[in-house]
Amino acid sequence: MVGISADPWDQQLVFDQANHLGLVLLSDPERSVASQFGVKRMGRLPNKRRTFVVAPDRRVVAMITSESNMGKHADGALAKLRELR
């Protein structure tokens with residue numbers, strides 16, 4: 001599992017430590033990855049909040065969308081991963 005955000009790495013480190021995520025967090029300050037995945041936007045919130053499930057063959061097999069319901073992201077991703085198993 002990998003998390004990607006436009007936040008700088010030092011802010012991500014604080015976020016990870018506060019939330020005990022236990023996953024790799026990558027910084028995308030220029031939002032080039034966000035642009036490639038179609039989640040870049042203008043304004044105060046620079047990226048749309050999305051979770052992508054990528055299969056071993058590198059295909060995006062699910063996209064979970066919600067700006068505020070983090071449970072929906074986690075539940076949706078886990079359901080898709082179980083389905084792929």
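Colleague: Happy to start with Val 24: is Val 24 buried, partly exposed or exposed?

Modeller: Keep in mind that this is a predicted model. Val 24 is found in strand β2. Buried means under 20% relative accessible area and exposed means over 50%. Val 24 has a relative accessible area of 46%, so Val 24 is partly exposed.

Colleague: Which residues make the nonpolar surface patch of about 340 Å²?

Modeller: Strands β1 (2-5) and β2 (24-27) are the elements that give two or more residues to the nonpolar patch. A residue needs over 30% relative accessible area to be part of a patch, and Val 24 has 46%. The patch is made by Val 2, Ile 4, Val 24 and Leu 26.

Colleague: Thanks, now the charges. How many salt bridges does the structure hold?

Modeller: Side chains of opposite charge can pair when their charged atoms come close. Here the cut-off is a side-chain nitrogen of Lys or Arg within 4 Å of a carboxyl oxygen of Asp or Glu. The structure holds 4 salt bridges.

Colleague: Glu 67 and Arg 50 meet in a salt bridge; how many residues apart in sequence are the parts that the pair ties together?

Modeller: The side chains of Glu 67 and Arg 50 meet at 3.3 Å, N to O. Glu 67 lies in the loop between β4 (60-65) and α3 (70-84), while Arg 50 is in strand β3 (residues 50-54). Glu 67 is partly exposed at 37% relative accessibility, and Arg 50 is partly exposed at 27%. The pair therefore ties together parts that are apart in sequence by 17 residues.

Colleague: Which residue is linked with Arg 50 and Glu 67 in a network of salt bridges?

Modeller: Arg 50 and Glu 67 already form a salt bridge with each other. The network of salt bridges that links them also includes Arg 41.

Colleague: In the salt bridge of Lys 80 and Glu 83, which residue counts as buried?

Modeller: The two side chains meet at 2.8 Å, N to O. Being 3 residues apart in helix α3, they are separated by about one helical turn. Glu 83 counts as exposed at 58% relative accessibility. With 18%, under the 20% cut-off, the buried residue is Lys 80.

Colleague: Last one: what is the N to O distance in the salt bridge of Arg 59 and Asp 57?

Modeller: Arg 59 is partly exposed, with a relative accessible area of 48%. Asp 57 is partly exposed too, at 45%. Their side chains meet in a salt bridge with an N to O distance of 2.7 Å.

Technical notes. Residues are numbered from 1 along each chain as its sequence is written. This is a predicted model: local features need pLDDT of at least 70, side-chain atom pairs count only at pLDDT 80 or more; totals for chains, interfaces and linings use all residues. Side-chain values use heavy atoms; hydrogens and water are left out. Patches are made of residues with over 30% relative accessible area and no salt bridge: like charges are joined within 9 Å, nonpolar side chains (Val, Leu, Ile, Met, Phe, Trp, Tyr) within 5 Å. Accessible areas come from the Shrake-Rupley method with a 1.4 Å probe; for residues, only the protein chains shown count as cover. Helices (H or I, at least four residues) and strands (E, at least two) are DSSP runs, numbered from the N terminus. Buried means under 20% relative accessible area, exposed over 50%, partly exposed in between (1.4 Å probe, protein chains only).
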